[in-house]
Amino acid sequence: MQFYKKSSALFQKKLRPPNFFTSNYDKMYIKQVQTAREMNKYLNQILLGDCIELMRGIPDASIDAVFADPPYNLQLGSKTLYRPEDQTAARAVRDEWDSFASSAEYDAFTRAWLSECKRVLKPTGAMWTIGSYHNIFRVGSALQDMGFWILNDIVWVKTNPMPNFRGTRFTNAHETLIWATPTKTGKYTFNYETMKKLNGGKQMRSDWDINICLGEERVKGTDGKSLHNTQKPLDLLHRIILASTKPGDIILDPFMGSGTTGAAARELGRNFIGIERDATYVAAARERIAAITPIDLSEIEVSKPKRDEIRVAFKELIQAGLLYVGQTLVSPHGERVMITQDGQLTHQLYGKASIHVMAAKLQRSVSFNGWDYWSAQKQDGTLVPIDDLRKYIRQVKADMKQAA
């Protein structure tokens, strides 16, 4: 909004020509300012009421991500389940908000809230929704029918699931997340390096082992018992937000419940908009989020993805005189190769290959990043990682670009 204030001052001093409002650029700027003004009344708030009605007031294409944990339509009825070890009643979801007269009614409800989500999402925005076998296939079908483009289905593997008390089925130990974009644009946020860092340096898979929400994390009611039957764990929302949003982005949760999305967003430096129709949940969520302190993200997020870094070819190190033809490269395990005239490596058993293919061959791997594998042997016998040489060339290129 500082930019808007400065621009307003310029208008008052009449520093812009009379036809300022005629260009497409100016119209676009004015629309952005108006949208920002409208969004201010929603940011970091939990709205009490029906999500479909309240979403209609949110401007078009103003949301960066949606996380939706809709009713699952579990259809449990009135039958009580008892734990076999002590015959105590197991808590089940029989709340009014999870009850629908028919599958057709549930489908109509699903399409109504998804339609509003699609309208308010930016074309590059992220759509996340979660469900169990009771509803996720119906929600997924609606998503595709409405033109959403599915990027992944994520299996949340519950490492401590509730058992099947009657012993008549497999223990239901997972839920399914769908990650999609409003249209097939090819442009969306995916913080690949951050996910890889969180996964111990390995590419993160689509099966996530995360505990269900228990103990101190559970929001309690005045009776000391869990307030919300289907509260999701913070770790799950942390991963979703870190994977598909940037600091400062706006995340909408149309079924806010106990406030997990808002709590995770506040911790991770994102904005949120929550909608919830139960006043008790709203009060608890507001209190919960107000107590959250943002965390230091410097050790969590990779601020500059590798794909955005300036590219450097292995040959450029030779052209710059940092390496030379005939020089020996050494692996962490002591394997030795020689640089060839065409910028590749030669090995007495594996022939000639690039730095990446040669590294993979020596490890009997499908692929490997050769920049992380090889060190150059200098004439005095000392070793220097070739990635350090690449970083030097990259910095020189960046300085030249900035000077230009």
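Tutor: What follows describes the cavity, then a helix beside its lining elements, then the chain as a whole.

This is a predicted model, in which local features need pLDDT of at least 70 and side-chain atom pairs count only at pLDDT 80 or more, while totals for chains, interfaces and linings use all residues. Residues are numbered from 1 along each chain as its sequence is written, and side-chain values use heavy atoms, with hydrogens and water left out.

A cavity here is a set of points, on a 1 Å grid over the protein atoms alone, where a 1.4 Å probe fits but cannot get out; lining residues have an atom within 4 Å of a point. Points are joined across faces, edges and corners, and the volume is the space filled by probe spheres set on them. The count is one cavity of 30 Å³ or more, and the volume of the largest cavity is about 40 Å³.

Its lining consists of Ala65, Val66, Phe67, Trp128, Ile240, Ile241, Ser244, Thr245 and Ile251. Strand E2 (63–68) and helix H7 (234–244) each contribute at least two of the lining residues; helices (H or I, at least four residues) and strands (E, at least two) are DSSP runs numbered from the N terminus. By class, seven lining residues are nonpolar, two are polar and none is charged, where Ala, Val, Leu, Ile, Met, Phe, Trp, Tyr, Cys and Pro count as nonpolar, Asp, Glu, Lys and Arg as charged, and the others, Gly among them, as polar.

E2 and H7 also meet helix H8 (residues 260–267): the buried residues of H8 pack against E2, H7, strand E7 (250–253), strand E8 (271–276) and helix H9 (279–290). Seven of the eight residues of H8 are buried, with buried meaning under 20% relative accessible area (1.4 Å probe, protein chains only). They are Thr260, Thr261, Gly262, Ala263, Ala264, Ala265 and Glu267. Just after H8, Gly269 has a positive phi of about 75°.

Ser132 lies in the loop between strand E3 (121–131) and helix H5 (136–145). Ser132 counts as buried because its relative accessibility is 6%. Beyond its neighbours within four places in sequence, Ser132 contacts Tyr72 and Leu74, a contact being heavy atoms within 4.5 Å.

For the chain as a whole, 42% of the 404 residues count as buried. The mean pLDDT, the predictor's confidence in each residue from 0 to 100, is 86, and 85% of residues reach 70 or more.

Note on methods
On a 1 Å grid over the protein atoms alone, a cavity is a set of points where a 1.4 Å probe fits but cannot get out, and a pocket is an open set with protein on both sides within 12 Å along at least five of seven lines; lining residues have an atom within 4 Å of a point. Buried means under 20% relative accessible area, exposed over 50%, partly exposed in between (1.4 Å probe, protein chains only).
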